[in-house]
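This report examines selected features of one protein model. Please consult the sequence and the structure while reading.

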Amino acid sequence: MNLKFFFTLFLFCSFTFSQVKLEGIVSDSLKIPLQSASVVAINNNTNGLESYGLTDEKGKYKLNLKGNTSYKIQVSSIGLITINDTLNTNEENIERNYALRADIVLDEVVVKMPIVVRGDTLIYNADSFKNGSERKLEDIIDKLPGVEINESGQIEVEGKVVNKLMVNGKDFFDGDTKIGTKNIPSNAVDKIQVLRNYAEVGQLSGVRNNQDNFAINIKLKQGKESFWFGNVTGGFGDSPEDNLYLLQPKLFYYNPKYSINFISDLNNIGEVAVTRRDIRGFGGGFQRPSSRSGTSIDLGDNSLNFLTSQRNALKIENKLASANFSYSPRQTLDLSGFLIFNNSQILSKEVSSIRYTNAGLGIPDEDTDQANTEQSNQGLVKLSASFKPNYNNQIDYDILARISDDSQIKNNTSSILGLTSQLDEVSPYNINQNLSYYYTLSEKNIFAFEAQNVIKNEDPFYSAILQNDPNAIDPFDSTANAIGLDTSLSSYELVQNRKILSNQLDAKLDHYYLIGPKSNINFTLGTILSRQQFSSSIFQFLDDYTELKPEPTFNDGLVDNDVDYRFNDVYLGVHYRFRSGKFTVTPGFSIHAYANKNIQGGVNIQDNFFKLLPDFETRIQLKKGESLTFNYNMRNQFTDVTRLARGLVFNGYNSLQYGEPDLQNALSHNLSLLYSSFNLFNYTNVFARASYTKNIDQIRGLTNFENVIRTSTFFNSNFADENFNLFGRIQRTFGKVRTSLNTSFNYSKNNQFIQQRQSINERFTQTYTPGIRTNFRVAPNIRVRYRYSITNNNQGLRETKFITRAPSVDFDAYIIEKFTFKTDYSYTVQDQTGEDSQSFQIWNASLAYRKDKDTKWEYEIKASNLLNVSSQIRNSANSISVFNSTTFIQPRFITVRAVYQL
């Protein structure tokens, strides 16, 4: 397979799937064209939906039909009498116009349209996109035009990740759509509503720009309300080392007053509903009040960096228990929340080769062999309340608490440093609270108060044991002498304790004054109050288990940290929003008074200053479903406490850092241009986004190497860093065939400082992903994709080029309405300049049997990694090194399962 083949196929479809065209204009009785009227063609022989379409702004429609076939044509629009027409096609295109008459009573039963447009809402009829092989919500969503399931399992609309999923209007694990897409059964879904320009608060829908906000609402089928539904899956299998097991209960209950859902998963076969990274990034729907103020302050993340993801490891054992609820005791009060607990135990192994960028500066290349034992316990609880006594008042309160207990044991063998054993442990907690009050004083005055408080407690523990020959010079000896360790022992046993306490209040008060029906002015008074306390200590265990406190020969002999960092920002913002024709323009600015202070070692360092930060947004509504948006903003970026701390910190046995108390903020200029077109007339969806960022006074690292051991500190660079991104997606449907082409380009220029030498790191990545898929109701369906990626890295004294070619095929068939066969295959080839080509392939398959669609039981045999591939390869590069790794994965697993439908 190659890229030319897919481009040819993409163009071929444009000409071969047209068949016989039926086109014309739909108007009302006054001959005024009707937009979004539906035209449906029903095959009289099969009585099935053959083709459908919606009219454009000129009332035009176009359907692709089979030749020499008899059809029933149904034309409808809300509030008008439906027209039923008959049509016999031959080999020639047909033109036919329709005029709809008004009537109070609709005298015809209208066929369910696959897609209906109502204002900013797209309504997909789920049954129109099913062929019988679907089992989960994601199987349907992935077939919807204009909607994607990305590689992380999340829903994307117009290139934006959707973070709110609702079922019958009730929040479903607010903050992440992945749990819903992978667990809600497809047979319970009636309609999928895509809510564009979604506003959580109705009072603010007309005064805020919500064009980047999307939500998904799942409407359940009739008969699913006030009854438990869902499924329970159990299975077993065998592997070379362990007996395999699987148990996945998924239960749902909905009625107009309350809902409750239970999702659990216990298995040791690597099927992970939610990964550790997913839970760590689970935001619960929270958004910082100051997100548009121009200020960004980083509280840092001191959680563990595990070697691999939960999908690429030798052994994966996972236990998940979760529940979601909503309750409306009365019309004015809504209560909701969720609980998630996840336990994972993982064995991982990775062999890597590291080639450092500045090879001419005495930094040797390194080969490593690392094996990890990883364990993670994560808990997440969210409770929400929304009180709406009337339209003019709304009070919302949310609390999200998370706690975890993570550890990993790492055994690393380095070609330079020999054997190293490491232990990482951390048991942090995080409490996030949100309080909002929205009040409409009059037709022209709306007030909104939003406050968020974040409390974090992190306590990372790290220990490492490195080999040492006291009678010889080892690679680590020079670093050990510089730190002040005892070099006379047979090993270095290092211990580090850290504690980071963070408390941040982010609050603002908005006043919206409506000047007229098309304009308003927004005044904002806000503040960010942040405090971080950081302490750390390092010591060495001697042979008699006494502790030796190191005394470094650099960094003024500082080892321990005891830092109190306080950050205050008080700002006033003004934004004017007006609409004129197709344009919506929002210019604005914010004035900030900053006060920063960090105290360490008895020294008080303060920095107080003012800053004006402008921003500007223009949206052009070219026509319904097509828009162009330009955005510019200037942002002030502030670091977290760990980069200010002067004492030593071990990031790993081969990486040390010490901070700089005098670090200043960085400033960035951010520009973006967004084009979006959703056209149901010709079934074409186009999305493109371009963005450019220029960072001034960026905080950069000063890195020095001793062998492969790096020591870094930080400073504000006088050299600007730049980044440019371009992403595009075009999708077009021809009958039952959908084609797509995704492209992305990224250029970044960063200044790096290694061994006291400044150099420029330039990276250019381009990716092309053409694809084609079918959506037949009876015949088998196939999806073919090809990803072609080129990455060029100019890293000072080393240049590298990676080329990735990755074709993939997915196939599913619903056979005699009893058997469901699915299989997927991917083949990845990675080439690197001057190196041998590397490749790996993955093949999975499953066969399921159920007596009919209404039966309670289904039986399935499923095989993963059928080719029994032992490892995957990964090549990458950063500002320091070029990285080639081989990650070992689970062997072939074959399991037998039974699914019971409630």
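## The surroundings of Asn457

Which residues does Asn457 touch, not counting residues up to four places away in sequence? Asn457 touches Pro428, Tyr429, Lys499, Ile500 and Leu501, where contact means heavy atoms within 4.5 Å. With one of them, Lys499, Asn457 forms a side-chain polar contact of 3.2 Å. A polar contact is a pair of N or O atoms within 3.5 Å; within protein, one must be able to donate a hydrogen and the other to accept it, and residues adjacent in sequence count only if both atoms are side-chain atoms.

Asn457 belongs to strand 28 (residues 445–458). Helices (H or I, at least four residues) and strands (E, at least two) are DSSP runs, numbered from the N terminus. Asn457 has a relative accessible area of 11% and is therefore buried; buried means under 20% relative accessible area, exposed over 50%, and partly exposed in between (1.4 Å probe, protein chains only). Between the C-alpha atoms of Asn457 and Ser427, which are 30 residues apart along the chain, the separation is 8.6 Å.

## Basis of the model

The model is predicted: local features need pLDDT of at least 70, side-chain atom pairs count only at pLDDT 80 or more, and totals for chains, interfaces and linings use all residues. Residues are numbered from 1 along each chain as its sequence is written, and side-chain values use heavy atoms, with hydrogens and water left out.

## Nonpolar cores

A nonpolar core is a set of buried Ala, Val, Leu, Ile, Met, Phe, Trp, Tyr and Cys residues joined through side-chain atoms within 4.5 Å. The largest one has 68 residues, and Val26, Ile73, Tyr124, Phe172, Ile192 and Ile340 have the most contacts inside it. Apart from this core lies another, of 25 residues, including Leu417, Tyr462, Leu494 and Leu648.

## Strand 36 and its partners

Strand 36 (residues 626–638) is largely enclosed by the rest of the structure, because 10 of its 13 residues are buried. Two strands pair if DSSP finds at least two bridges between them. Strand 36 pairs with strand 39 (residues 666–679) in the antiparallel sense over 12 bridges, and Asn631 has Ser672 in strand 39 as its bridge partner.

Strand 35 (residues 603–623) also runs antiparallel to strand 36, joined by 8 bridges; here Thr618 stands opposite Phe630. The hairpin of strand 35 and strand 36 has 2 residues between the strands, and in this hairpin Gly625 takes a positive phi near 90°. Strand 21 (residues 295–297), by contrast, pairs with strand 36 in the parallel sense over 3 bridges, and Thr295 has Asn636 as its bridge partner.
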